[in-house]
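The following note sets out numbered points on the structure shown below. Please read each point alongside the sequence and the coordinates.

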Amino acid sequence: MPLLGLLPRRAWAALLSQLLRPPCASCTGAVRCQSQVAEAVLTSQLKAHQEKPNFIIKIPKGTRDLSPQHMVVREKILDLVISCFKRHGAKGMDTPAFELKDFDIAGQFDPMIPDAECLKIICEILSGLQLGDFFIKMAWKDVRHEMVAKKGLAPEVADRIGDYVQCHGGVSLVEQMFQDPRLSQNKQALEGLEDLKLLFEYLTLFGIAEKISFDLSLARGLDYYTGVIYEAVLLQTPTQAGEEPLNVGSVAAGGRYDGLVGMFDPKGHKVPCVGLSIGVERIFYIVEQRMKTKGEKVRTTETQVFVATPQKNFLQERLKLITELWDAGIKAEMLYKNNPKLLTQLHYCESTGIPLVVIIGEQELKEGIIKIRSVASREEVAIKRENLVAEIQKRLSES
């Protein structure tokens, strides 16, 4: 069955680093980046005591502090990857051998069905991330050595395969190789070509055949691959929204590794496996650079409604109102002040991207109504207090 790895080891290291920070750094402000808080606290302590610290706060090697904006982007990317894995039947697995970005299928199955699904998953994820056009290069692992040393293929036949190394294409290239008598008349070569033809038939049914390029020049470095290998590459053009080309290499890769499990099994049992790995760090980098180039803003919270008032001494009414929203499962906020100015509250909603504001004041309280304000259009409507939750839920479902 497909396996979905959990948190990568570097994520656990980052989490541990937060837990080990001094208590003063963790309680000064939850909304700030932890490194900024720690730095501010240390600065204030140094000014107070006028002495040098006997320690230096450092984040673990291989990790970095992330701003709320970065975390929002990363969570969206990981959520998309995880939802795709689960859509294809993945089960969670907590082990250092598999990470969040990995999807693996192990077991005895008919040829090329799991391989085709792995390629389909890569296409779904890259299409969903909207990173731009891409294609997947696919080949046999170490073709000549595999065919001659392990499969017993005649050297001259393997050399004929080498003639195709500079070629790339889809099912048409496979058909061309079928027509070559030096390949089609050899049993081992014919079996490989039949597998490739079968794979492209499945890829056509999945609707992704045009994204796959059979390229014998592809040779991945890991030596445990035993069959078809592939890697996904973005097609970036300089004219794309004024962006500069990003040299990030492949953003996903995988292949068949039938012999890997047996290497770690005391009895040497072989378990056929095929899998893929999503290059999440490279994808993070691409998305962050594009956002920086375009000057895009990211909402750092998912707040749906803000509770506001134009009156003084209305904290209790706001607390009653926000409790009603929370209990209904609505994400809501308010300012932590007894008497905030209405303009300050509305500016906060605009700056943070909160879509709706509910307003209560003396007149609304007297008439038993609540005003709902759309932050984007600045339009306000008055509704009965008892209809508030239903109206909010209706508006959120339509947005």
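1. Gln-130 is placed in the loop between helix 5 and strand 4 (134-140); helices (H or I, at least four residues) and strands (E, at least two) are DSSP runs, numbered from the N terminus. Although Gln-130 is not a glycine, its phi is positive, about 55°. Most residues other than glycine have a negative phi. With a relative accessible area of 69%, Gln-130 is exposed (buried means under 20% relative accessible area, exposed over 50%, partly exposed in between, with a 1.4 Å probe and protein chains only).

2. On provenance, this is a predicted model, in which local features need pLDDT of at least 70 and side-chain atom pairs count only at pLDDT 80 or more, while totals for chains, interfaces and linings use all residues. Residues are numbered from 1 along each chain as its sequence is written, and side-chain values use heavy atoms, with hydrogens and water left out.

3. Asn-313 also has a positive phi without being a glycine, in this case about 60°. The residue sits in the loop between strand 10 (305-308) and helix 13 (315-327). Its relative accessibility of 69% makes Asn-313 exposed.

4. For the chain as a whole, the secondary structure amounts to 16 helices and 14 strands. The protein chain has 399 residues, of which 39% count as buried. Among its contacts with a separation of 6 or more, 66% are between residues 24 or more positions apart; contact means heavy atoms within 4.5 Å.

5. Which residues of helix 12 are buried? They are Val-280, Ile-283, Phe-284, Ile-286, Val-287, Glu-288, Arg-290 and Met-291. The buried residues of this helix pack against helix 4 (68-87), helix 5 (113-129), strand 7 (228-234), strand 8 (250-256) and strand 9 (273-278). Helix 12 itself (residues 280-294) has 15 residues and reaches 21 Å from its first C-alpha to its last, close to the expected 21 Å; the expected span is 1.5 Å times one less than the number of residues. Gly-295 follows helix 12 and has a positive phi, near 70°.

6. Helix 4, one of the packing partners of helix 12, has 20 residues and reaches 28 Å between its first and last C-alpha atoms, close to the expected 28 Å. Its buried residues are Val-72, Val-73, Arg-74, Ile-77, Val-81, Cys-84 and Phe-85. Just after helix 4, Gly-89 has a positive phi of about 85°.

7. Cys-118 belongs to helix 5 and, at 0% relative accessibility, counts as buried. Apart from residues up to four places away in sequence, Cys-118 touches Phe-103, Ile-105, Tyr-230, Val-274, Gly-275 and Leu-276.

8. How do the axes of helix 5 and helix 10 (residues 187-205) cross, and at roughly what angle? They come within 9 Å and cross at roughly 45°, where axes are lines fitted to C-alpha atoms, for helices over the stretch in contact, and angles run from 0 to 180 degrees between N-to-C directions. The two helices, helix 5 and helix 10, are therefore oblique to each other (angles under 35 degrees count as roughly parallel, over 145 as roughly antiparallel, 65 to 115 as roughly perpendicular and the rest as oblique). Ile-113, Asp-115, Ala-116 and Leu-119 of helix 5 make the contact with Leu-199, Tyr-202 and Leu-203 of helix 10. By class, this contact has 6 nonpolar, no polar and 1 charged residues; Ala, Val, Leu, Ile, Met, Phe, Trp, Tyr, Cys and Pro count as nonpolar, Asp, Glu, Lys and Arg as charged, and the others, Gly among them, as polar.

9. Helix 10 also crosses helix 8 (residues 171-178), with axes that come within 10 Å at roughly 155°. Helix 8 and helix 10 are therefore roughly antiparallel to each other. Val-171, Val-174, Glu-175, Met-177 and Phe-178 in helix 8 meet Leu-190, Leu-193, Glu-194, Leu-196, Lys-197 and Phe-200 in helix 10. The residues of this contact divide into 8 nonpolar, no polar and 3 charged.

10. Is Glu-364 buried or exposed? At 7% relative accessibility, Glu-364 counts as buried. This residue lies in helix 15 (residues 362-367). Leaving aside neighbours within four places in sequence, Glu-364 is in contact with Ile-359, Ile-369 and Lys-371.
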